[in-house]
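Student: I have just been handed a structure that is new to me. Could you walk me through it, one topic at a time?

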Amino acid sequence: MAALSYLFSLSLLCFFVAAQALNNPDPKCSATSDHGSDLKVFHVYSPCSPFRPAQPLSWEEDVLQTLAKDQARLQFLASLAGAKKSIVPIASGRQIIQSPTYIVRANIGTPPQTLLMAVDTSSDAAWVPCNGCVGCSSNVFNSLKSTTFRSVGCGAPQCKQAPNPSCLGSTCSFNVTYGGSTIASNLSQETFKLANDVVPAYTFGCIQKTTGSSVPPQGLLGLGRGPMSLMSQTQNLYKSTFSYCLPGYKSLNFSGSLRLGTVGQPIRIKYTPLLKNPRRSSLYYVNLNAIRVGRRIVDIPPAALAFNPTTGAGTVIDSGTVFTRLVTPAYEAVRNEFRRRVGRKIPVTSLGGFDTCYSGPIVVPTITFMFTGMNVTLPADNVVIRSTAGSTTCLAMAAAPDNVNSVLNVIANMQQQNHRVLIDVPNSRLGVAREQCT
């Protein structure tokens, strides 16, 4: 359980699937469109997002709030631990679900109602705020205006697949905890249109009540491996294969993409095997063997990186967590070598959960994650965060928080930005290749 809680804080590398109209008059925003099976992806704080704060935060406030909200993501993740080209645009959606995250546009119902939904690689079930919802804070899907909406009965096989199902009369319901929020939904089916692809009778949760501030305002689309996930419900269409490229937080439009299906996926890409953990079947575990800082492979105890299905230990790739978290022995080894490479005589400061910050210019060493069959070398933009004025630079990683006693390493979305991450479930592999999508 501790490992899963750790995952929630880290893993809002989640995407937001746009399930609401953008309502943004900027022509640069309206010019972005989905096509084929590609969905545009953008950040929640980008200028094209309706969720960006009315009053911009200072850089320090932004960093501190993000770290605090990442904590909720880690707790969620820890709770989990116990043919044709289809591309959806992805945008960044930071802070909507307790940390920076990404959103895509989805058209739901007949006639379609557009929502901006979070996409989460560590969740399965989709849920959308519906008419009559108590506690929902944004636009809702009005099921009364759709001719294709229907409730799922208690005797339906999908009811058994829902998390914590129960019956209220003849309708199947379920309750989930997401970060610091609780969500009560009626299991429903509706037509979803993602880019140009139509998915009829998609099973999802129609939210009736929610508490807390962790819930994505316009819903969530789960890209995990469980039976309720998008990949499981669209096996014939997408062959349980998808990829994404996440734009940086400052991207001005839908420059990233969520590409659904086998068509149009990169050919020149290196892979690492996906590992199966029956206790945490939704998560995408990979085998991280070592970490290199500059040219030196740092000294990490093998147990800190080892995959253990019983305890949930190991390494996961997560789209919802913002900053990579490593178990303490691994993080300290990386941090100490990073400091040595930067220069031991240069003063080190801290900022919130970041313990390696510098107030002047530095030469940033590369960091390489060494997976089985694949090395991923991160450039400076994926290694550090810099203040707007450029006066402060911090190593954009941290140790797993002590209060969740985590054994889980999470490779988070800041470290994935401007990379194409390909999930190929049938062949049980995950690929990564550099791609500029900002």
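Tutor: Let us begin with a strand pair: strand β17, residues 288-293, and β23 pair in the antiparallel sense over five bridges. Please keep in mind that this is a predicted model.

Student: Which residue of β23 is the bridge partner of R292?

Tutor: The partner of R292 in β23 is T368. Within that strand, V293 has I367 as its bridge partner.

Student: What does V293 stand opposite in β18?

Tutor: In β18, R296 stands opposite V293. Strand β18 covers residues 296-297, and β17 pairs with β18 in the antiparallel sense over two bridges.

Student: How many residues lie between the strands in the hairpin of β17 and β18?

Tutor: There are two residues between the strands of that hairpin, and G294 takes a positive phi near 65° there.

Student: In what order do the strands of the open sheet come?

Tutor: The order is β18-β17-β23-β24, an open sheet of four strands with antiparallel pairing. β18 and β24 stand at the edges with a single partner strand each, so one side of each has no neighbour in the sheet.

Student: Changing topic, which residues have the most contacts inside the largest nonpolar core?

Tutor: They are F242, L258, L260, I291, F338, I367 and L430, in a core of 67 residues. Helix α8, residues 328-342, gives the most to this core, with six residues. Another core, of 18 residues, lies apart from it, and includes W127, C133, V176 and V215.

Student: What does F242 touch?

Tutor: Leaving aside residues up to four places away in sequence, F242 touches several residues, among them L258, L260, Y284 and V421.

Student: Next topic: how much space lies in the largest cavity?

Tutor: The largest cavity holds about 100 Å³ of space. Its lining includes I317, F369, F371, H419 and L430. The elements that give two or more residues to that lining are β23 (367-371), β24 (374-378), α10 (413-416), β29 (419-424) and β30 (429-434).

Student: How do the residues of that lining divide into nonpolar, polar and charged?

Tutor: Nine are nonpolar, three are polar and none is charged.

Student: Where is R420 found, and is R420 buried or exposed?

Tutor: R420 is found in strand β29. R420 is buried because its relative accessible area is 1%, under the 20% cut-off.

Student: What does R420 touch?

Tutor: Not counting residues up to four places away in sequence, the contacts of R420 include S243, Y244, S257, R259, A433 and E435. R420 and A433 are 13 residues apart along the chain, and their C-alpha atoms are separated by 5.2 Å.

Student: Which residues does a cis peptide bond join?

Tutor: A cis peptide bond joins T110 and P111, with omega about -5°. P111 is found in the loop between β4 (102-108) and β5 (113-120).

Notes: Residues numbered from 1 in each chain as written. Predicted model: local features only at pLDDT ≥ 70, side-chain atom pairs only at ≥ 80, totals over all residues. Heavy atoms only, no water. Core = buried A, V, L, I, M, F, W, Y, C linked by side-chain atoms within 4.5 Å. Buried < 20%, exposed > 50% of the residue type's maximum accessible area, 1.4 Å probe, protein only. Contact = heavy atoms within 4.5 Å. 1 Å grid on protein atoms, 1.4 Å probe; cavity = no way out; pocket = protein on both sides within 12 Å on 5 of 7 lines; lining within 4 Å. Points joined across faces, edges and corners; volume = space filled by probe spheres on them. Nonpolar A, V, L, I, M, F, W, Y, C, P; charged D, E, K, R; others polar. Pairing = 2+ DSSP bridges.
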